[in-house]
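Please look over the model below before reading the notes. The points that follow take its pockets, its sheet and its chain geometry in turn.

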Amino acid sequence: MTVQRRANLKIPDTNGIEKKIKRGNALRQASVWRSSRGSLLLLLLMVAVCGAAAWLYLAPGDPDVTETLVRQDEVVSPEPRVYTVDCSEDYDSYKRYPECTPLKCGRGVTDSVVTREEAQVLRRLAERGLALAGSEGGASILDLHSGALSMGKQFVNIYRYFGEQVSEVFTQEDFQLYRAVRGRIQEVVAQVFELDPALMFLTKPTFFSRINSSSAQTQHDEYWHPHIDKVTYGSFDYTSLLYLSDYGSDFTGGRFIFMDSNGNRTVEPRAGRVSFFSSGSENLHRVEKVSWGTRYAITVSFTCDPAHAIADPDMPRD
């Protein structure tokens with residue numbers, strides 16, 4: 001009887017138990033994998049967000065720039081790179097001068113008019129002159145024609161204020177190079193816009209500029225506002241800029257931005273590069289704020305009106 005009761009005992013199905021155990025382990029592993037995968041995806045998402053934020057914070061440049069016309073590492077030579085735009089009506093408000101007043105408008109860039117070595121000499125000239133004073137804010141100017149020099153929150157006449165000391169800062173060779181470079185710039189502007197260079201005249205203000213990231217102290221330091229040269233300075237018909245330092249290595253920010261109706265276009269400064277354009281509202285523009293380093297340039301301006309002409313500068317006589 002005992003044997004029979006034993007025979008009637010139900011023996012557990014060990015194969016079924018093993019299957020359940022394996023199924024449970026698989027479910028737990030799947031749960032762990034889903035949890036790990038979720039954590040991994042969250043981590044990747046956080047890295048991507050942080051990376052994007054860091055890029056936006058650290059990446060140089062203006063987010064409003066939609067096209068770079070000329071990069072710093074390009075060399076535009078021997079022919080200028082020219083972009084034609086329709087002339088505005090600004091010139092109708094002024095007397096027209098045949099073979100000079102803009103009939104063809106646009107903007108151009110060349111790296112073949114001034115050498116990088118000449119740009120270095122002119123930069124050292126600017127550094128020596130501006131070392132005598134300089135603005136308390138981020139923008140300082142030196143005008144060799146009028147003698148205007150930034151000093152604190154005002155301007156002084158460098159020739160009168162420093163007198164004989166000027167001859168220790170500048171040389172006759174400095175002024176000769178300045179005049180020669182101005183002449184070459186005038187020639188390329190006349191060539192591109194099909195003008196008679198003899199009917200173009202240097203006009204004021206024509207000046208060296210030094211811009212850094214210091215906070216503005218006066219409105220003269222706020223160089224970044226959009227403006228139209230023909231409106232700001234009625235005598236301007238053609239504007240040019242000679243860059244004396246390199247975007248990306250000498251400074252960041254500080255790019256020249258044309259503000260067109262269909263987007264903003266920039267020229268990246270390069271030592272020896274000349275950027276030039278007709279001065280009306282067809283070339284509304286601004287300068288990007290300098291975020292690091294120091295940007296040196298010369299603004300060289302031309303008029304068609306001989307009444308607004310200025311002479312080339314020369315070393316003051318003792």
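**Notes on the predicted model**

1. The largest pocket holds about 790 Å³ of space. A pocket here is an open set of points on a 1 Å grid over the protein atoms alone, with protein on both sides within 12 Å along at least five of seven lines. Its volume is the space filled by probe spheres set on the points, which are joined across faces, edges and corners. This is a predicted model, in which local features need pLDDT of at least 70 and side-chain atom pairs count only at pLDDT 80 or more, while totals for chains, interfaces and linings use all residues. Residues are numbered from 1 along each chain as its sequence is written, and side-chain values use heavy atoms, with hydrogens and water left out.

2. The lining of the largest pocket has 35 residues (those with an atom within 4 Å of a point), and Phe207, His220, Tyr223, His227 and Tyr233 are the ones nearest its centre. Among the elements that give two or more residues to this lining are strand S8 (201–211), helix H7 (229–232) and strand S16 (295–303). Helices (H or I, at least four residues) and strands (E, at least two) are DSSP runs, numbered from the N terminus. By class, the pocket lining has 14 nonpolar, 16 polar and 5 charged residues. Ala, Val, Leu, Ile, Met, Phe, Trp, Tyr, Cys and Pro count as nonpolar, Asp, Glu, Lys and Arg as charged, and the others, Gly among them, as polar.

3. How many cavities of 30 Å³ or more does a search of the whole structure find? The search finds 1, and the space in the largest cavity is about 40 Å³. A cavity is a set of grid points where a 1.4 Å probe fits but cannot get out. Its lining consists of Leu122, Tyr178, Val181, Arg182, Ile185, Leu242, Ile298 and Val300. Helix H6 (172–192) and S16 each give two or more residues to this lining, and H6 has the largest share, with 4 residues. The cavity lining is made up of 7 nonpolar residues, no polar ones and 1 charged.

4. Helix H6 has 21 residues and spans 31 Å from its first C-alpha to its last, close to the expected 30 Å (1.5 Å times one less than its number of residues). Just after H6, Glu194 has a positive phi of about 60°.

5. Four strands form an open sheet with mixed pairing, in the order S1-S12-S11-S14. Strands S1 (65–70) and S14 (285–287) are at the edges with a single partner strand each, so one side of each has no neighbour in the sheet. Strands S1 and S12 (residues 263–267) run parallel and are joined by 4 bridges; strands pair if DSSP finds at least two bridges between them. Val70 is opposite Val267 in S12.

6. There are 2 disulfides, counted as pairs of cysteine sulfur atoms within 2.5 Å. One of them joins Cys87 to Cys105, with an S to S distance of 2.0 Å. The torsion about this S-S bond is about 105°, so the disulfide is right-handed.

7. Most residues other than glycine have a negative phi, and most peptide bonds are trans. The bond from Ser77 to Pro78 is cis, with omega near 0°, and Pro78 is in the loop between S1 and S2. Lys204 and Pro205 are also joined by a cis peptide bond; Pro205 lies in S8. Glu99 has a positive phi, near 65°, in the loop between S2 and S3.
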